[in-house]
Amino acid sequence: MRAAILFFLFSASAPGAFAVTPFLNEPDTGFNDGAVPTGQLPTLNSIKAIPDFEAVARHFMNVSDYAYYRTGAAGEFAYRRSLEIFSQVKLRPRTLIDVTNISLNTTIFGHKFTAPFFIAPAARAGLTHPRAELNLAEAAGAENILYAPSLSATKKIEEIAAVAVPGQVMFHQLYVSRNKTKLASDVKRIEAAGFKGIFVTVDNPVHGVRTRESRYGWPSTTDSDPEFTWESYQALRNMTSLPVIPKGIQSVEDALLAIKHGAPGIYLSNHGARQLDTSQSPLEVAIEIHENAPEVFSETFVFADGGVRYGTDILKLLALGVKAVGLGRPFMYSNVFGREGVQYLIDLLKEELTVDASNLGVADLKQLDTKWLNLGRLLAFVYRLDTA
Ligand SMILES: Cc1cc2nc3c(=O)[nH]c(=O)nc-3n(C[C@H](O)[C@H](O)[C@H](O)COP(=O)(O)O)c2cc1C
């Protein structure tokens, strides 16, 4: 009898319960990726949503280069979650509100930009286009959004700075080299080239377990010092007059420690889920901070990235108190079309964000707070900081 019940459970009712959920890096947007032969590009205006860029890049790039961009750590559970988790936060639209004058304008560290989203630092832009990071910098300049090149960029720090339009503000990412002379030189070059802020990556004391990229023998681009601590962070801040923002904060404890150590901003990120599998998605970290220490969002400037693919993703992070939201892979994929593709993505996202804010009933993005969200079941999973 018991065996019969077990058989029933695992045969009759199980298909629904154990149905395989698709990996949402390429959701079905109606884009016919099969229409374009491998190695060729479709027309840019056939792209209607940000995930479409990934389908194009997968066809266009060779498997090894695509694997490098696409990879998450290990079983890619954290990467999958960073994409899926946004759909678990529900929006609470308000109605009968005049939304004719929505502005996306944003100020980041006193610099004015036209949108609250930015191009996150990502290595090796040369895998999609010979002009590599120059396209990203130029598109960001033309659209006046923030771009922060990676220290592991294909192009040199000075080459990227040289294509900035007058008045364009860029930040730069930094890996803390074990070689102190190199570290000092990197900081000096970033400052001398005119970058206005530094994202120092703190989520990679060592390179992650990146199964997908390791099949193709990709060496780590990272020269990181595993001995880097909060004390060395303070020493680093003393090396430059630029704001030095820790990138890769993944817990409320570290957010509070960053403030304690005088960080002028923090950057919630798990490195695109490329470092530690099953690490919390940055959206979850934002919720954790909101539940345990909401003052963090007013005491310091909070950046965040990870799995952002839609206008609604950005609205959710802004509602939690994040001030600027980054995208990594989508911009790297858009560069298969060169600068035009990057700019097309920026326009698409600005448009989507404006439409979504209108339908949410937010006349001014600064009004966003958690009253616009239903965090639902996610609240049950929030880590509660024991302050006793
Ligand atoms: C191909 C690639 C290279 C990256 N290189 C760096 C890097 O050099 N330094 C860094 O701090 N983060 C790096 N990142 C992480 C991004 O800055 C960002 O945190 C992540 O891509 C955001 O997740 P998303 O790709 O889902 O938008 C890289 C990400 C990708 C996809």
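The chain contains 15 helices and eleven strands, where helices (H or I, at least four residues) and strands (E, at least two) are DSSP runs numbered from the N terminus. The model is predicted, so that local features require pLDDT of at least 70 and side-chain atom pairs pLDDT 80 or more, while totals for chains, interfaces and linings use all residues. Residues are numbered from 1 along each chain as its sequence is written, and side-chain values use heavy atoms, without hydrogens and water.

The radius of gyration, taken over C-alpha atoms, is compared with a globule rule of 2.2 Å times the number of residues to the power 0.38. Because a compact globule of 388 residues would have a radius of gyration near 21 Å, the 21 Å of the chain agrees with this rule.

The ligand is surrounded by 22 residues, each with a heavy atom within 4 Å of the ligand. Pro121, Ser150, Tyr175, Thr201 and Asp305 are the closest. By class, this shell comprises eight nonpolar, nine polar and five charged residues; Ala, Val, Leu, Ile, Met, Phe, Trp, Tyr, Cys and Pro count as nonpolar, Asp, Glu, Lys and Arg as charged, and the others, Gly among them, as polar.

A polar side-chain atom of Ser150 lies 2.7 Å from a ligand oxygen atom. For Arg329, a polar side-chain atom is found 2.9 Å from an oxygen atom of the ligand, and for Gly328 a backbone N or O atom lies 2.9 Å from a ligand oxygen. Taken alone, the ligand exposes 600 Å², of which the protein buries 99% (Shrake-Rupley method, 1.4 Å probe).

How values were computed:
Polar contact = N/O pair within 3.5 Å; in protein donor to acceptor, adjacent residues only side chain to side chain.
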